[in-house]
Amino acid sequence: MDAKVLEAQQWVNATYGSVTGYTRAPEDGRTGWSTMNALIMGLQHELGISPVVASFGPGTMSRLQAIGDIGFGWNQNSNIVRIIQHGLFCKGYWGANGYGEYGAVTTEAVKAMRLDMGLPDGGIGTAGGQTTPSIFKCVLNMDAYIKVAGGTDDIRSIQRWLNGRYWQKSAFSIGPCDGIYSRDVQKALMTGLQYELGIAAPNGNFGPATQAALRTKNLGQGDSGVLVEMFSAACVFNSPVPSGTSDTGTPTTWRSSYDATLVEFVKAFQKFSRLAESGRSDYQTWAQLLVSMGDADRPATGSDTRFEITASRAKYLRDNLYEVVGRYLYDPPGSTLDKEIKPGELKTIFDAGLKVFPIYQDNARQLSDFTYSAGYTHALNAHTLAVGYGFNRGTTIYFAVDYDATQEEIDSAIVPYFHGVAAGLAYNGKRYIHGVYGSRNVCANVTKRTAARYSFVSGMSWGFSGNLGFPLPANWSYNQIKEFQVTNGSDVFDLDRDVVSGADPGQNSVNRPAGPADGFINYIASLLQLAREYGKGNANQLVMEYVRHRSYGGGDWDFLIGEYDHGFRDFANSRGMSVMEEFKDPFTGHELGAEHLMASANGHFVAWKPSNPRSVNEGDVAGWGGDLLTFYADWRHAKDTYPSGYQFAMEKLAKVGVAASFGFNDLIEDADAWLIADAVRNNNKDILTAVQDLYNGGGGLRRFQRYWQGRFSGNTEDAKFLAHNILTAADDKEVVAAQVGLISVRGGILTLPAMLDYDELEPFEKGFVDTLLARTGEESRMAATYRKNHETYLRAANARAAARAQKD
């Protein structure tokens, strides 16, 4: 609590509490919009406006302009001076030693704020520090004029430069100087640019006149001046250019001369955005830097539509160089749009040489459409529909957010919805991967906090608040830039044009059968040969990295087990290789995910600590440990139904025929990954031999027993210790990051395992150990005591859970 803010709240409430339309400020000593709005309403009353409203609009501004500048010695209305002084205190400036007189202290406070804003302070001594109408508006808003957490000096310098250059222009609104790129900063840059371009009526919009003027501003190395500063500022706002799917990459700094360093950044930005890599400020680059749809008429090879792709429409797409089309899995009851994929349509698409990416949208146009339970239900439905259409394992399904969700709505509803989506897809064995369709901000948040694989950006909605002040997400796959009507002979239909990054190439077939183990073995043989030809690094590790790179590469995976070799990826791709998604286990007949298998093997291979096998490590997080953390989040979501973690584990964990986020297939892949990594690391086998021994040599017949003996030392104490460690360890930064990331950020559960009482967490850990025991074939001997006392134990665990619930 700030005493001066509390003083402002008490004064404004006492002075204007009975005024028509006034809303009281909370008297809590904390600055916020409610306090600033109360001061605005007080100002409106002093200006003769009735009823007052919580908005500093044109009417308030025109009344202030009639008064003119307010400065040292101004005494026409002491309450107006008090409002300035209280507002200054609320913004962190020492507004006065006494209220009601615009003296030297108030003058110096306004000078300090003006300098922070990038404006001239108004003069020397008492001659400066005037509060103009536009500055008065700034006193009563929540903008910060000093760098805040997360802000950068470069962006703050640009903000101050824009304010100082254009603050007296009628169309320009003084913006924050907090070092944060935002919608207001983007609009300020656009408005300033329009003044420099000579636009007759600047408005901050990317209209036809602005576009026409920018087509003539093709700058390059050696140029300098204000337009280079503008262009460089736009580059800073889009910096750094991501590398792959990570958030790190090529940065830039603000400059006034177009030098070789700026050329390098521009080329990186153009490559990332799929523009011609000229290194110059051509029109398409200006557009891509300034608005989310960029140049809406640029070449695009992707599309999406609600209309059925008939043979004639497929031919139109191919004739016009489109390669992929997005189509809807579902059309909700009551819809008149008839969006859903039609019988035989996918064959028509594939026969024309086109690919497809699936979209799932169930209304998704307002806040109430997004809840955790809705996301879970939608994911179950999307899975069923995708299986019905025959979509192959590993296909990304784009779940839609088809409106301009604010940050508050993203936090409260959109992210929980996608937690539900992820859980619903995991419940069905993770056959499909969730992607997100929405604004740049929606896509970035959903990706970071729910591990969405790819982003389908609604770039053509350039006016969305979520598209202004946000760069293109690192994992963008499609950027929707223009909707238009196609006239194809007598046929008319609507089509959206999508720029394609290539990250998600789309699907060119359905119902692809899982290859037998021989097919997987031959695939590994081919990759290993290429890795040896590549001649760099560890060939076995390169094979693991290549298979996992598409679905388990970049971002968190780079942090966890290291970045994959991009050079080998390109080398293998150039020789016709692609990621093999699945194959059939010859011992169980289950389809195994090759990508998850090799990601886990990669983790165990690089992170194993033989000196301390009872310590968990990044390899465990990449395998069984990460699955257990995710499964913990599932339990906490279901704790009302399953208060006992033991019961939840015994009914859901790695059970054949029971869909769960830690399914039977996951346990097979976790076990096989450890065995492969162990064979390569400790038994000096190459990865091909390790895979052959496992799937063709009979090694898989005892996989769980070998896994139990190898990773868990063959005893329940070590296994329980490891389970407890992966859930609660606080001394390994990668493991701690996984706990927070998989449970809280992606799982939506704030209660981490370490926060539970031991007698609540221990049954959950025991359920994991008992599940492993049951799978090893050792259960008949080692778990006899557990079976004998199972009912007693279960009743006791439920009784403890019920007692805790009653206490809570």
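Reply: One term before we start: a polar contact is a pair of N or O atoms within 3.5 Å; within protein, one must be able to donate a hydrogen and the other to accept it, and residues adjacent in sequence count only if both atoms are side-chain atoms. Also, this is a predicted model, where local features need pLDDT of at least 70, side-chain atom pairs count only at pLDDT 80 or more, and totals for chains, interfaces and linings use all residues. Residues are numbered from 1 along each chain as its sequence is written, and side-chain values use heavy atoms, with hydrogens and water left out.

Me: OK, asparagine 467 then. Which backbone oxygen does its side chain reach?

Reply: Serine 461's, at 2.9 Å. Asparagine 467 sits in the loop between strand S8 (455-457) and strand S9 (476-488). Helices (H or I, at least four residues) and strands (E, at least two) are DSSP runs, numbered from the N terminus.

Me: Is asparagine 467 buried or exposed?

Reply: Buried, at 3% relative accessibility. The scale: buried is under 20% relative accessible area, exposed over 50%, partly exposed in between (1.4 Å probe, protein chains only).

Me: And what does asparagine 467 touch?

Reply: Leaving out residues up to four places away in sequence, asparagine 467 touches Ser292, Ser439, Arg440, Val457, Ser458, Gly459, Ser461 and Trp462. Contact here means heavy atoms within 4.5 Å.

Me: Switching over. Where does threonine 384 lie?

Reply: In helix H15 (residues 372-389). Threonine 384 is exposed, with a relative accessible area of 52%. Its side chain reaches the backbone oxygen of leucine 380 at 3.1 Å.

Me: How many residues apart in sequence are threonine 384 and asparagine 428?

Reply: They are 44 residues apart in sequence, and in space 9.1 Å separates them, C-alpha to C-alpha.

Me: New topic, charges. How many salt bridges does the structure hold?

Reply: There are 34. A salt bridge is a side-chain nitrogen of Lys or Arg within 4 Å of a carboxyl oxygen of Asp or Glu. In general, side chains of opposite charge can pair when their charged atoms come close.

Me: Give me a couple. What does lysine 147 form a salt bridge with?

Reply: Aspartate 153, with the closest N and O atoms 3.0 Å apart. Lysine 147 is partly exposed, its relative accessible area being 41%.

Me: Which helices do arginine 449 and aspartate 411 lie in?

Reply: Arginine 449 is in helix H17 (residues 440-450) and aspartate 411 in helix H16 (residues 407-427), so the pair ties together parts that are 38 residues apart in sequence. Both ends are partly exposed: arginine 449 has a relative accessible area of 22%, and aspartate 411 has 36%.

Me: What about aspartate 686, which side chain does it meet in a salt bridge?

Reply: Arginine 532, at 3.4 Å, N to O. Aspartate 686 is in the loop between helix H26 (664-682) and helix H27 (687-695), while arginine 532 is in helix H18 (residues 517-534), so this pair ties together parts that are 154 residues apart in sequence. Aspartate 686 is partly exposed at 22% relative accessible area, and arginine 532 is partly exposed at 48%.

Me: And which residues do shared partners join into one network?

Reply: Arg512, Arg550, Glu581 and Glu595.

Me: Now the backbone. Which peptide bond is cis, going into proline 51?

Reply: The one from serine 50, with omega near -5°. Proline 51 is in the loop between helix H2 (33-46) and helix H3 (58-67). The bond from serine 239 to proline 240 is cis too, with omega near -5°, and proline 240 is in the loop between helix H10 (226-237) and S1.

Me: What's phi of alanine 364?

Reply: Near 65°, a positive value in a residue other than glycine. Alanine 364 lies in the loop between strand S5 (355-360) and H15, and is buried at 3% relative accessibility. Alanine 654 has a positive phi as well, about 55°. That residue is in the loop between helix H25 (645-652) and H26, and counts as buried at 1%.
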